[in-house]
Amino acid sequence: MDDTKRYERLRDRFQDGDISRRKFFSLLGAVGAAYGLQTPFAKYANAQSVSQVRFDGWGGIVSEAFRKHAFDPYTAKSGVKVVDGTFPGGDEYLALVRASKEGEYNIAHLSGVFDYARYEGFGLASELNLDNIPNMKLVMPALTNAFSSVTPGSLSAVPYDYGTTGLAYNRKYISDEEMKEKGAKILIDAAYKGKIGGWSDWRTRIWYGALQTGQDPNNITDIDAVWEAVRTHRDLALKYWGSGAELMSLLAEEEIYVTEAWSGRIYALQEQGHDIGYYDPPNGFGWQECLFVMKGSPMGACEELLNFMLDPATSIAVAEGQNYPPALDPTKVDLGAKIPTLPAFDATGTLSGLTFANPGYWNGNEAEWSETFSRVQRGY
Amino acid sequence: MSIEAREARQPWILLAPALSAIFLLLIVPLLFIVVYSFWLRSAVGADTPGFFLDNWKAALTDRFYRDILLNTLKIAAITTVACALLGYPAAYFIARSKGNKMILLIMLMLPFWISYIIRTMSWINILGVSGALNSALIWAGIISEPIQMLYNETTVILGLTHFLLPFMVLNIFVSLDGIDTSLEDAATSLGATRWQAFLQVTLPLSLPGLAAGGLLCFVLGAGTYITPVILGGPRDAMFANLVFEAIIRQLNWPLGSALSLLLLMVLGVLVAIYNRYLGMAQLAKGLG
């Protein structure tokens with residue numbers, strides 16, 4: 001179709017007096033509006049599928065490590081731009097994705113098999129072609145199996161790293177011995193009233209409530225006792241933190257002396273010279289993170305990016321940057337000098353020493369527990 | 001078409017873009033929220049469409065929501081009073097200043113150039129245990145150990161006052177600026193002291209501006225979400241935080257919709273009362 005000739009014919013009709021000036025300009029306006037509406041979105045859609053992939057992660061030092069060691073080198077190599085966004089938590093991100101158009105969000109750095117199951121439950125799961133991700137053979141089977149047990153026969157994500165939510169404490173005020181002796185109960189120790197912190201995440205609060213009441217976090221038998229522990233912690237705590245940056249700031253500024261914390265963030269604080277200790281209590285909260293590909297994403301480009309990110313050189317550099325051990329099997333890949341020193345690192349590649357949240361158990365209780373926590377947090 | 005008919009159409013033509021934007025970007029999403037509020041949640045999977053009153057019943061009868069709503073209104077009211085007490089003298093000073101009025105007004109606007117979140121977070125650097133105030137007090141020998149000032153309801157009110165004060169000052173300023181200063185002079189020439197002239201002439205005439213600023217501060221304060229998150233402790237929350245938690249954390253969009261509509265209705269009633277007694281024209285002047 002030749003639009004120029006159409007325009008010329010229209011102009012001739014106007015000049016010949018066949019159509020009024022108002023009609024002529026109305027038609028031009030309609031064409032302009034149609035062009036304006038169509039072009040930017042078509043351009044965006046094409047760019048999304050061909051030349052860029054959206055990645056969302058946890059922000060802070062984690063995103064910095066991804067950008068520096070994975071995205072920028074990948075873009076330089078492939079020409080595919082990685083647009084990276086951040087979120088403070090999996091719940092917030094899930095709400096965003098649910099409200100978005102299919103394909104708007106592509107890859108997310110999700111935490112825990114329970115998150116993988118939730119996204120799958122909302123119909124957001126894609127199906128990866130693992131033939132396009134040969135580096136998957138280097139990943140610990142223990143991590144892969146956890147995800148494939150949720151979606152038998154297919155995977156929507158590749159495991160990428162793991163860590164723990166343990167106890168962080170300021171050594172100026174709390175000794176290593178005291179921490180080991182008190183364990184999770186230090187978070188409900190009245191001696192530290194006003195100097196205790198905690199993550200505002202309901203799962204973590206309940207998990208630590210279970211530890212404080214001597215229960216198995218994956219099989220809580222007395223939830224009322226757990227809520228009482230959560231209330232005690234609430235009344236002693238100065239602040240519930242909402243992001244890794246806030247956690248690091250509260251500890252570094254000595255607003256709080258003790259809190260549960262993400263292992264990698266505490267390692268980063270230690271690297272910065274802060275005398276902050278880190279301790280994983282028995283049954284501490286372990287989690288495995290994955291790179292989840294949303295349904296409707298450009299699969300070829302996403303698989304290529306995932307394979308690049310699982311390449312040992314990339315994966316080790318990212319792990320060293322974000323301070324979380326990679327999903328690569330240490331019995332198959334030489335992980336270098338720094339990674340074995342990271343908190344939660346498992347040299348056996350079995351992860352048998354870590355306790356992960358049972359996705360069926362936690363997702364099954366999510367509706368009730370998340371709502372109850374909102375009330376307990378506010379004094380009920 | 002007659003000239004009268006054309007003139008009658010003209011305002012609607014001019015208003016059409018704004019009305020279209022309001023309809024598409026406010027009314028239509030609001031209707032979606034109304035519909036959603038009658039659905040039922042599903043923790044994993046799609047919500048259940050239908051006409052269920054469960055969310056409304058919870059929002060209207062549950063003590064938890066009522067208490068947080070009342071606390072929200074209390075915090076908004078305290079903030080509004082604080083803004084009025086702090087804002088009136090500032091507005092009066094600007095309105096009565098000669099020559100440098102524009103500079104003062106620009107200085108009043110300056111905070112708007114900085115993100116509200118950044119402005120709120122600045123209090124952490126001021127009131128934190130290693131913040132400016134504690135450091136200054138320790139340096140001056142007034143205290144030996146830092147005082148814990150952050151993360152409580154007072155800091156939430158402080159942060160909100162910081163955020164809302166310019167709205168109050170602007171509204172009062174507009175009102176004061178329109179008052180003929182010779183009225184005060186006339187009052188004093190008739191034997192009133194300056195204070196009496198202010199109390200009996202200037203203050204009553206500036207009340208519409210004070211009320212408009214009060215309404216703005218109250219509505220914006222009651223709808224705030226970020227201040228309690230940044231400056232509040234574990235218990236501190238306002239109603240908007242519950243809406244956030246219902247929608248984002250609990251993925252309970254239907255309940256979150258009902259809660260957000262409830263807050264909208266409560267604030268709408270306050271605006272309607274204001275409009276009944278003072279009219280919206282004063283508010284428009286203040287915003288203009």
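1. Of the 288 residues of chain B, 42% count as buried (under 20% relative accessible area with a 1.4 Å probe, protein chains only). Please keep in mind that this is a predicted model, in which local features need pLDDT of at least 70 and side-chain atom pairs count only at pLDDT 80 or more. Residues are numbered from 1 along each chain as its sequence is written, and chains are lettered from A in the order in which they are written.

2. On secondary structure, chain B has 13 helices and 0 strands (DSSP runs, with H or I of at least four residues for helices and E of at least two for strands). The C-alpha trace of chain B spans about 80 × 75 × 35 Å along its principal axes.

3. For contacts (heavy atoms within 4.5 Å) in chain B with a separation of 6 or more, 68% join residues 24 or more positions apart.

4. Now to the partner chain: the contact takes 33 residues from chain A and 38 residues from chain B. Together the two chains bury about 3000 Å², with 51% of it on carbon and sulfur atoms (accessible area, 1.4 Å probe, lost on being put together and summed over both). Of the area that chain A buries against chain B, 22% is supplied by Arg98(A), Arg378(A) and Tyr380(A), more than any other three residues.

5. Arg98(A) forms a salt bridge with Asp47(B), with the closest N and O atoms 3.2 Å apart.

Notes
Side-chain values use heavy atoms; hydrogens and water are left out. Buried means under 20% relative accessible area, exposed over 50%, partly exposed in between (1.4 Å probe, protein chains only). A salt bridge is a side-chain nitrogen of Lys or Arg within 4 Å of a carboxyl oxygen of Asp or Glu.
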